[in-house]
Structures are given as C-alpha cells and as structure tokens.
Amino acid sequence: MLNPSIENTNNQLKSVADKLNTNFDIGVIVFLLVKSRWLIVCSFILAFTVGFLFLRYSQTVYESKAVIQIYNQNEANEILQLNQMNNTDNVLAEAIEQIRSKVFLKRIVEKLDIVTSYYNQGIFKNNELYSSSSFLVKVNVKNQSLFGKKIYIRFNTDFKSGTLEVEQLGITYKFNTSTWLKNKDFDINVFINPKQSGAAIRANLLGNKDVFFVVNSVDAVTAELQSKIEVRLLNEYARTILIKVRDINPVKTTDLVNAITEEFLVYDVERKSESSSNILNFIEGQLQNVFNDLKSSESELQRFKKEKKMTGKEDALLTANMMRYSTLEDQMLKVEMEEKIIGEIQASIAKNKNIDIYQLISLMNGTEYENLIKDITGTIQKLLIEKENLLYAVTPNSENIKQLNFQIENQRKLLIESLDAVRLKYKTQYRNLLEKAGTYKLNNGQTPEDEVEFSRLNRLYTISEKYYTMLLEKKTEFSISKAGFVSQNIILERALGIGAILSPSKKKALLIAFLTALLFSLGLVFFRYIFHDKIYSLTDITKYSSGNVALLGLVPRFDRDIPVSQLIVDKNPMSLISESFRTIRSNLQFINNSVGPKVVSVTSTISGEGKTFVAINIAGILAFTEKKVIIIDLDMRKPKIHKGFGVTNTKGMSTILTGTTEIDECINDSSMQNLKFITAGPIPPNPSELILNKRLNEVIDYLKSKFDYVIIDNAPIGLVTDGIATIQSADYPIYVFRSGYSKRMFTQIIDRLRNENNLKNLSIILNDIDISKKVYSYNYGYGYGYGYGYGGGSGYYADDMPKARKFLKRKNKNGNNRNKT
C-alpha cells in the first residue's frame, strides 16, 4: 500500500532526527531567513517598542552610596589601661548589624522627618517630590486608618486656605495655611515651603489636582528603609563598609546615605560612652556616702584621743603597732568592697526584673569576678537585642517572644545563683581575715578595751579614707575615659549630588529587547527548519531518495492566472514555461527513442501537485510537432480533464471500460489540431476494478494504433493504487512533484516504485518552481535543463525575457548546456 499518511508521524520524527544529526543546510537556513524576514522585522520592532515603553513608564530607582572606615579604639583607655567589656572580636560585623537594625534606622527616620511623603500623581507612575514639594505639613495622626492613605490637597488662589481629601475614606477637610487644624482624625498644619519662589509655588500648586501626600507610621517607614538599604563589607583588611540606599527620588537617596553615615558616628560614641557614664553616676552616688562615713569616723577618732589624753608618742606607738596587720586590713577592705558591689548588683536585680545589662556591665567593671559572669551577661545582652528587634515584627504575646523571655529568665536565675556563690566566697574570706587579724596583740600601755576601741576607730577611719581616695581616683580615670570617646570611624566617601540611576537600565533594556527578538528570530527559523519538509528543488529529490532518479525537467511558476483549460503552450508559445515543456519533450527522447507510438503515464503522490496541468501541456507541446496526441483521464475519483477542456463528463473512460460506449464516441477535439482527449466519464463505484480490467489494455492498444502519443492522467498513487498498472506499462512513466507543496517523504514512493514495481525508467518533473528567488538557490538541473544559450536579443521568451535571462544565467553557471542535453 503506497499511502504515506499511515507512517506520517514516524516519518516526521525521523526527518527531525536526521536534521539534528546531520550538518545544517545553509541554503535552507538562508531561504527560511528571507521567508521569515517580515516576522523577524516585526519581532524586532515589537521588542524595541516594549523596551521603550518599559523605559518610559517604569518607576526609576536611584542609588547613592558611601564608605566608612571602622576604627574601634579609645586613646584614654589605652593610657589608663582600663578593661572594656564592650570590645568585641568582630567589630566590623557588629557595625554592619547595627546599621541594619531597626533601632538605628528609626533614628534616621526621626532625624530626616520622612514619615510624610509628597507626590505628584502621573498616569502610569507617581513622582515623589521630597524636598522639592511646594508645601509641607506637620501632622499628628490620631486615626490609625489614615496611615498609608493618599491625602489630596487643593489650594485656593490666594494660597491661604484649601481642602484636604482622603478619597479612599471619602473624607474632606478644610484648612488654613500655617494654622493648626485639629479634629478627631489628626492635628495638621499645612504651610508653604519657604525655600521655593512664589512663581514656582503658583505653577506647581494652582489648579493642580494631582498633588497628594502620604503619612506613614515611623515603624512602617523604618521597615521600608530597612528593605532599601544594603550594608556590606567592602575590604576586611582596610576595615571599610559600603552603604547603599535605593529610592525613587535621587535627592532622597543622597540625604539618606549621608544621614546614615553621620548618625552612625554619633550613635557609636553614645553607645561606647554609655558604660563610662553609668560608672560615673555610680561613683558620684557613692562619694557622698563615703565622705560622710569618713567625716564621722574622723570625728570619733579625735574624740577618743581627746578623752584618753593620748599624746603624740602614744599615738605613734599605736600606729606603728597597727602596721603589723595593715596588710590584713587592706585585704579586708578589698574583700568588703567587692562584697558590697555584689550586694548593689543583687539589689538592682531584685528591684527591677528587666535587667539593665549596660548598667550591670558598668558595675562589674574592674572587679575580680568580672570574668566569672561575663559569659552570662553577654548571653543576656544578645537575647535582649534579639527580643527588641523581633518586637518590630511580632506582638509581645507571640511564641517567639515567649521563648526569648523564657531564655532570659533562665539566664537571670543563673546570674543570681552565680552572684550568691561569689558573695558567699567573699564573706568567708572576710571572716578568715578578721580572725587572723584578731591574733595580733597590741601592747602599748593602754587597757585592752582602749586598744580595741582605738583600733576599731582607726580602722574605720583608714578604710573610709582609702575607699574615698579610690573613688576619687576612679572618677578621674573614667572622666578621662569618657572624654576620650571621640568616634574614630572615618567617612571615606560621602554621597555627592543626586543618586545614580539603578533601574531601569537603558543599556540592559535595549540589550534584552535585542536578545529577545534575536532569540525569537533564531527560534522561528530553527523551528521552521526542523519542520521544513517540503521539496523545493531537484536537489531535495535526489537527496531524500535512495536511488538514481531520472530528472526529466522543471516547470517554472506561471505568474499570471492559469486559464480554465490549463493548456498554456498554445497561448504563450514563446514564454519560458512553454520552453520548459519543449525541454521535457526533448528529454523524453533520452528515455525511449524507439520507433512507434508511445504511452506517457503521468501521476503524483497527492492531489494539487499539478499532474493534470503537466499532462495537458506535455500533450500540447507534443502536438506542436505534428504528432497525433490523445490524452485520457484515468483519475476517475476526481476527474479534471473535462474541466480543463470545458466539456461535459457524461461519457468517457468509465463508460468505455464498462462497454456502455465505444471508444470513438468518447474522443473529443481540442483547440489544437492534433490534440484529442477522452474524459473520465461518470464516476463509477469501482474505479480500481475498471482500471485493472484487461479492457483498459485493449483501449490503449486501440488508441496507439490511431495516435502517436497516448497521454494518461492517472490518479495520485500516494492515495490509491489505480495508476500503478499504467505506470508499469508506459513507455514514459512520469512522476510529478510540486515545489513548495510536495513533502520530502513523498520521495520514498519513488523508491518503492523502482524497487517493488521494477520501474527503472521512472522520470521526475518538478513543477511550479519560483525562479525569481535569488537566495536558497538549488541546482535546477542534472543534465536536463533549459540551457540552450539563447541570446538576450533573440526575443525568444517574449514577456518573460528578464526572468529568463537570470534563470538561464544560473543554469549555464551550473554547467547545464545544450551539449549535455
């Protein structure tokens, strides 16, 4: 069965695989590029139009950047050799996180007062005015629903009053400029920007209905700023940090990034000096108490000496005697002071459950047990910071906050237990020192009671004096330390001018548009190439057929309307298409040059390939040679010969083969003298049986006895097998392909006819070739061509002369000349 539709899917898949596994055909690709040129041009136009619209109407984002160098060192601390617990190992990472934190960014929002944003409404995008706004507002929002809503402002002609309208809520207010308007929703004061001229204000505000402002909460603006800021390490060895800010207003980006760098210097000093400030506050509170104790103990000691009438010599003796255990007293003083500080810490923790970790650090600074609880206080500090940042995103009753509170409480209990253990240790140490001091006996001539009392008073005075002196020294040291807290961080690069455009990038947009159109074009050509399965030239036929195929000739495309009769050679005998059929007539002699009548059998794969057109014009061109020619229509399923010659189809081959009419009754005359034809006749129910009947051979033999050529127009054998019998018995079996219409897989039928039906003399005609193509130029001949070499001035091809010259020039270039034919 020679039906290609059965294996259509498999053949297409095989064709695609063959194209991918073999070299690309450059000629086909160029042809498809030319064929798709308008789609490609349109794709580029569309891509660049979309790119232009994107650049024109998308919101422009600007970016400003600054660089700061982190230098964490206190000169006064180095001189005094003070131990600072707030010196971290990774200062750079700490600085980056501090700048990113909402706690710090909230300071920027409040400093620049950017909770209110001013806009000029556009069709596709809004333009933020920022500092260029002709009016400014001070507002205290009471109704939380107003946050984030557009508030349109309309000024009267005198700019002394106007109206505020919240369209989303349907609320309207009247106001007077530079006067506070107070109501249940907000307190607001609208005033004219003093930095702008009157002409600019009038041009911007008078009659402008598209100006509005939006009031946001501080937390919302802080969160938005946090999403716009980028902080990263620039150079670890140089200790530099890069700060970038993105926003839709170029001036605002510059102000934001500069405010962040400047405020960080202030914030850094405040944070680092907080410890010294707390210590100084504590020392100031202790100095007065210790001074009172010192004054009281001095008065008690003088009174005792006066009562006991102690001379200077006795006083010196007692003093010298007491030096023996002065070392013990120093140790007792130190232990007592440490134990007293722990008591202050425990009292602070017991009084306030929320630990002030910074005050706790300042209280522990310089103590021996500082390192014992440093890890616990550090953990509490991290948990408190994490809780503070998390409260910006969740409620205090959330599971995350509860978990942090639980961890903080555990660390607090652990801290209390650690302090209890340390305090117990100091108490035990103090008791042991006291017992050891009691072993010393003072022998100075006084009663034991006087010695004990003198020792007690002298010890209290000495302790108070030393404690007071120590506090004065510490106050001096930490005052110097606080004065030394000048930010060592350096702003290496400030944001200057206005922010640079970050997006949309013109280069990127145009490049993406170009690449999109290019990829679409390449994809279109590739897709068409993969599914390019049409025959366009004789090269395609020879390439996709397995054997040597006799190429009988080419029939060029007829640019004008083909007449109803489809017979062209008699109407345009000097045209290029007539010459092509003359070439076919000449090439028939190479197939069979024997004497006697000949049978020409024409078929194709499917309808529409032009087999009837070729058969009629071959008959016509043969009739020009004074030969008697008859054409018979054996395509009984879809007859066309009667239409071509404009006669009825009431009788013909079907009635002849059934014996209803005689052969001579069905022979019709044409417009040409030597050309006759027999129509197909009424469509029979069994065309295959009629054609395979031996009666057909008798009819053909009879016609051969009366005509020199019998032309048979068969049914397409790719659909039915009716024409195989006449193809096998014909002297000139001809198979017709149509350029740009026939599929490449149709060539497989030629191989089957040659191999399975032993049709060795089967020849090919390629119909409907567009010879005007300058690209995708295949070889149009293989020894059978149009290369007769007629001169340009012969006038042989009439109105087709320009095309003929180009066509013959290509043919002669390929070596197809008269000698080869």
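Contact here means heavy atoms within 4.5 Å, while helices (H or I, at least four residues) and strands (E, at least two) are DSSP runs numbered from the N terminus. This is a predicted model, where local features need pLDDT of at least 70, side-chain atom pairs count only at pLDDT 80 or more, and totals for chains, interfaces and linings use all residues. Residues are numbered from 1 along each chain as its sequence is written, and side-chain values use heavy atoms, leaving out hydrogens and water.

Let's begin with a helix pair. In α2, V28, I29, L32, L33 and K35 meet V525, R528 and Y529 of α16. The axes of α2 (residues 26-35) and α16 (residues 506-530) come within 10 Å and cross at roughly 125 degrees; axes are lines fitted to C-alpha atoms, for helices over the stretch in contact, with angles from 0 to 180 degrees between N-to-C directions.

Now to the sheet. Eight strands form an open sheet with mixed pairing, in the order β15-β22-β21-β16-β20-β17-β19-β18; two strands pair if DSSP finds at least two bridges between them. β15 (550-556) and β18 (668-669) stand at the edges with a single partner strand each, so one side of each has no neighbour in the sheet. Strands β17 (residues 629-633) and β19 (residues 675-678) run parallel, joined by four bridges, and V629 stands opposite L675 in β19.

| Helix | Residues | Angle to a strand |
|---|---|---|
| α19 | 611-623 | about 170 degrees to β20 |
| α26 | 747-756 | about 165 degrees to β21 |

Helix α26 touches β21 and β22, and α19 lies across strands including β15, β16 and β17.
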